[in-house]
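Subject: Handover of a structure

Dear colleague,

Please find below the structure that I am handing over to you. My notes on what was found in it follow directly after.

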Amino acid sequence: MTMRDVTSDGRTPEGPGSGSPSRRRVLRWAGGGLTLAALTAGAVGCDEDAVDVEEPGKAGGDEPGGDGGKEAGADAGGNGNGRAPEPLWTKPTSAETYGDNDELVAVGGVVIASGSPLAALDAATGEQKWSLPGGAVPGAPLLLGEDTLYLASSEYDGSVIGYDPASGKETWRSRLGKEYRQPRPIAVDGEQVYVIAEILEDDGSSKTNVIAALNSTTGRVAWKEQRDVGTEQNGIHAAVRGSHLVYTDFKKNLTVRDTAGGGQVWTHKTTKTNYGFFTVHQDLVVVPQGNVLQAFNLTDGKEKWTLEASDGALFREPAVLDDVLYVADSAREMRAVDPRTGKQLWKSEALADAGLQVPRQYVKAGDTLYGATDLDKQGGIIAMDARTGAVRWTFNDKTGDYHAWLVATDGKRVFALHGKKLHALPV
């Protein structure tokens with residue numbers, strides 16, 4: 001499973017080499033509370049019908065999609081001449097996203113974008129299959145595990161709820177306790193759902209938080225551990241691998257805990273963790289830190305390998321797909337790396353050559369790697385050859401919406417979310 005990060009009015013764009021966070025990232029960092037929902041209300045203004053596509057290197061151009069996808073699939077979903085495929089369908093959504101990679105999921109024949117109401121669309125047709133009136137808590141993940149969609153309760157009653165993603169029916173519910181506020185699921189494995197919640201003081205305030213494991217069958221609390229003073233419950237990115245729970249937060253902590261009892265195995269104070277994003281592979285956690293990509297052993301935190309970017313470039317969000325680590329840097333160089341050894345498999349400058357933005361999220365279908373970018377005019381969804389990094393085509397709806405692009409796949413289609421538009425593209 002995966003978890004989870006745009007230009008805006010008045011926002012300073014985040015171009016290659018920029019060290020400044022985007023406005024959308026600042027909103028995401030704050031955890032998506034009601035105040036943020038109000039800040040972003042009405043910010044998406046676009047034509048709900050027009051969809052255009054772009055040629056590599058001509059992002060933001062005026063030329064429409066053209067051939068209508070007559071030969072769709074001839075070039076990884078494109079029409080054989082380097083142009084993006086026409087969408088299979090495009091639908092407006094109630095999406096309320098903050099740029100995290102786990103706010104768009106495809107599972108059980110449906111595709112779901114975080115929003116209120118929370119709606120599941122048929123993956124093949126785009127027709128609505130079900131919806132939940134309360135929706136998803138803004139900024140909280142759509143967490144998938146064991147054919148269950150786990151959500152923080154939109155009623156803010158301290159519950160964490162599991163749903164059947166195909167039908168939307170509730171199948172599981174748990175509550176951490178009255179002394180905790182706003183528990184949010186952060187990771188899941190075959191036995192437990194892991195949550196972080198605020199610890200309430202007598203006056204209703206909160207200065208500390210707790211991390212806990214809930215049994216995914218009974219809902220009972222398996223263990224809970226108070227986190228150190230100064231840690232935060234916002235900006236959490238987490239993953240489970242075997243007996244280890246790995247997570248980061250705003251304080252640049254990279255922490256590993258034992259899933260059996262919650263004990264802390266090790267923690268590192270990192271320098272630049274790229275807004276907390278990391279990836280795991282087998283017994284390693286790989287973290288971008290400025291111009292260095294580092295891999296640490298999950299068992300003891302010892303460094304296994306490092307990879308340096310060239311010319312002072314900064315590494316961006318990494319992803320491991322089909323046992324290959326994909327990562328780009330701020331100089332728009334794309335790399336494929338063996339995650340076990342750090343050995344570079346290939347490096348491509350195709351993104352820079354085409355004048356495209358750097359992807360911040362990746363999915364893979366067949367031999368094509370699909371990347372989703374922050375900036376709209378110079379990005380969108382970029383289809384790349386997973387064997388070489390060559391750009392095959394780009395897709396952009398040209399709405400100018402400042403939200404980050406998000407991408408997901410069910411293996412048959414690629415789903416691209418941008419603001420309140422959801423597109424299904426052929427693979």
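The largest cavity holds about 60 Å³ of space. A cavity is here a set of points, on a 1 Å grid over the protein atoms alone, where a 1.4 Å probe fits but cannot get out; lining residues have an atom within 4 Å of a point. Grid points are joined across faces, edges and corners, and the volume is the space filled by probe spheres set on the points. The lining consists of Val-137, Ala-152, Ser-153, Tyr-156, Asp-157, Gly-158, Ser-159, Gln-182, Pro-183 and Arg-184. Strand E11 (residues 180-188) supplies the largest share of this lining, with three residues.

Please note that this is a predicted model, in which local features need pLDDT of at least 70 and side-chain atom pairs count only at pLDDT 80 or more, while totals for chains, interfaces and linings use all residues. Residues are numbered from 1 along each chain as its sequence is written, and side-chain values use heavy atoms, with hydrogens and water left out.

As to the overall composition, the protein has three helices and 33 strands. Helices (H or I, at least four residues) and strands (E, at least two) are DSSP runs numbered from the N terminus. Of the 427 residues, 57% are buried; buried means under 20% relative accessible area, exposed over 50%, and partly exposed in between, with a 1.4 Å probe and protein chains only. The accessible surface comes to about 16,700 Å², and carbon and sulfur atoms account for 45% of it. These areas come from the Shrake-Rupley method with a 1.4 Å probe, and for residues only the protein chains shown count as cover.

Two sheets deserve a description. Strands count as paired if DSSP finds at least two bridges between them.

Leu-143 has Tyr-150 in E8 as its bridge partner. Strand E9 (residues 159-163) pairs with E10 in the antiparallel sense over five bridges, and Tyr-163 stands opposite Glu-170 in E10. E9 and E10 form a hairpin with six residues between them, and Gly-168 in the turn has a positive phi of about 80 degrees.

The other open sheet also has four strands, in the order E11-E12-E13-E14, and its pairing is antiparallel. Its edges are E11 and strand E14 (221-226), each with a single partner strand, so one side of each is left without a neighbour in the sheet. On average, neighbouring strands of this sheet are turned by 25 degrees against each other, direction ignored. Strand E13 (residues 206-215) and E14 are paired antiparallel over five bridges, with Ile-211 opposite Glu-225 in E14.

I turn now to the charged side chains. The structure holds 17 salt bridges, each being a side-chain nitrogen of Lys or Arg within 4 Å of a carboxyl oxygen of Asp or Glu. One of them joins Glu-127 and Lys-91 at 3.2 Å, N to O. Glu-127 lies in the loop between strand E5 (118-122) and strand E6 (128-132), and Lys-91 in strand E2 (residues 89-92), so the pair ties together parts that are 36 residues apart in sequence. Glu-127 is partly exposed, at 46% relative accessible area, and Lys-91 is partly exposed as well, at 24%.

Glu-333 and Arg-335 meet in a salt bridge of 3.4 Å, N to O. Glu-333 is buried at 9% relative accessible area, and Arg-335 is buried at 2%. Both belong to a network of salt bridges that links Asp-329, Glu-333, Arg-335 and Lys-347. The C-alpha atom of Arg-335 is separated by 5.7 Å from that of Trp-346, 11 residues apart along the chain. Trp-346 is found in strand E26 (residues 344-348) and is buried, with a relative accessible area of 13%.

Yours sincerely

Definitions and conventions
1 Å grid on protein atoms, 1.4 Å probe; cavity = no way out; pocket = protein on both sides within 12 Å on 5 of 7 lines; lining within 4 Å. Axes fitted to C-alpha atoms, helices over the stretch in contact; angles between N-to-C directions.
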